[in-house]
Amino acid sequence: MISVDLNKIKCLKSSGNYVELFTEDDSRIKKILLRISLKKIQEQLKNYSEFKSCHRSYVVNSNHIFQILGNARNFRLQIEDLNFKIPVSRDYPIEDLNKN
């Protein structure tokens, strides 16, 4: 078991039977590989409204969304301090990703 400050979590990415957790650690982005399904982590985070699904492979902390890019056919999220963009599936309304 690991202990992570939920406020510092940027996003979670499903990677097979693992989840890549991206978090801030001493002003740097740290990637932690966890052997757990994204679905199980979503169950653990269900009481924290800032964590939102945007794609079947991603959960983001809406407090860290820097920019929403694209159009209705192809939205992507830019998360603070991450060097990649996160896809948004059409199954997830973009309005739900706005900050709390």
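1. Cysteines. The sulfur of Cys-11 lies 8.2 Å from the closest cysteine sulfur, that of Cys-54, which is too far for a bond. A disulfide here is a pair of cysteine sulfur atoms within 2.5 Å, and the structure holds zero of them. Cys-11 is buried, with a relative accessible area of 0%. Cys-54 is buried as well, at 0%. Buried stands for under 20% relative accessible area, exposed for over 50%, and partly exposed for what lies in between, with a 1.4 Å probe and protein chains only.

2. Basis of the note. This is a predicted model, in which local features need pLDDT of at least 70 and side-chain atom pairs count only at pLDDT 80 or more, while totals for chains, interfaces and linings use all residues. Residues are numbered from 1 along each chain as its sequence is written, and side-chain values use heavy atoms, with hydrogens and water left out.

3. The five-stranded sheet. Five strands form an open sheet in the order E3-E2-E1-E5-E4, with antiparallel pairing. Its edge strands are E3 and E4 (51–55), each of which pairs on one side only. On average, neighbouring strands of this sheet are turned by 20° against each other, direction ignored. Strands (E, at least two residues) and helices (H or I, at least four) are DSSP runs numbered from the N terminus, and two strands pair if DSSP finds at least two bridges between them. Axes are lines fitted to C-alpha atoms, for helices over the stretch in contact, and angles run from 0 to 180 degrees between N-to-C directions.

4. Pairings inside that sheet. E2 (residues 18–25) and E3 (residues 28–34) are antiparallel and share seven bridges. Asp-25 has Arg-28 in E3 as its bridge partner. E1 and E5 (residues 58–61) also run antiparallel, joined by three bridges. Leu-12 stands opposite Val-59 in E5. As a general point, side chains in a regular strand alternate between the two faces of the sheet.

5. The turn between E2 and E3. How many residues separate E2 and E3 in their hairpin? There are two residues between the strands. Asp-26 lies in this loop and has a positive phi of about 55° although it is not a glycine. Ser-27 is found in the loop between E2 and E3 too, and its phi is positive at about 65°, although Ser-27 is not a glycine either. Most residues other than glycine have a negative phi. Asp-26 counts as exposed, at 68% relative accessibility. Ser-27 is also exposed, with a relative accessible area of 68%.

6. The three-stranded sheet. A further open sheet has three strands in the order E6-E7-E8, with antiparallel pairing. E6 (65–69) and E8 (85–87) stand at the edges with a single partner strand each, so one side of each is left without a neighbour in the sheet. Neighbouring strands of this sheet are turned by 30° against each other on average, direction ignored. Four bridges hold the antiparallel pairing of E6 with E7 (residues 76–79). Ile-65 stands opposite Ile-79 in E7. The hairpin of E6 and E7 has six residues between the strands, and in it Gly-70 takes a positive phi near 100°.

7. The largest pocket. Its volume is about 280 Å³. Twelve residues line this pocket, and those closest to its centre are Ile-2, Leu-21, Leu-34, Ile-41 and Gln-44. Strand E1 (9–15) and helix H1 (38–44) each supply at least two residues of the lining. Which kinds of residue make up the lining, nonpolar, polar or charged? Eleven are nonpolar, one is polar and none is charged. Nonpolar covers Ala, Val, Leu, Ile, Met, Phe, Trp, Tyr, Cys and Pro; charged covers Asp, Glu, Lys and Arg; the others, Gly among them, are polar. A pocket is an open set of points on a 1 Å grid over the protein atoms alone, where a 1.4 Å probe fits, with protein on both sides within 12 Å along at least five of seven lines; lining residues have an atom within 4 Å of a point. The volume is the space filled by probe spheres set on the points.

8. After E8. Asp-91 is placed in the segment after E8 and counts as exposed, at 68% relative accessibility. Asp-91 and Arg-56 are 35 residues apart in sequence and 9.1 Å apart in space, C-alpha to C-alpha.
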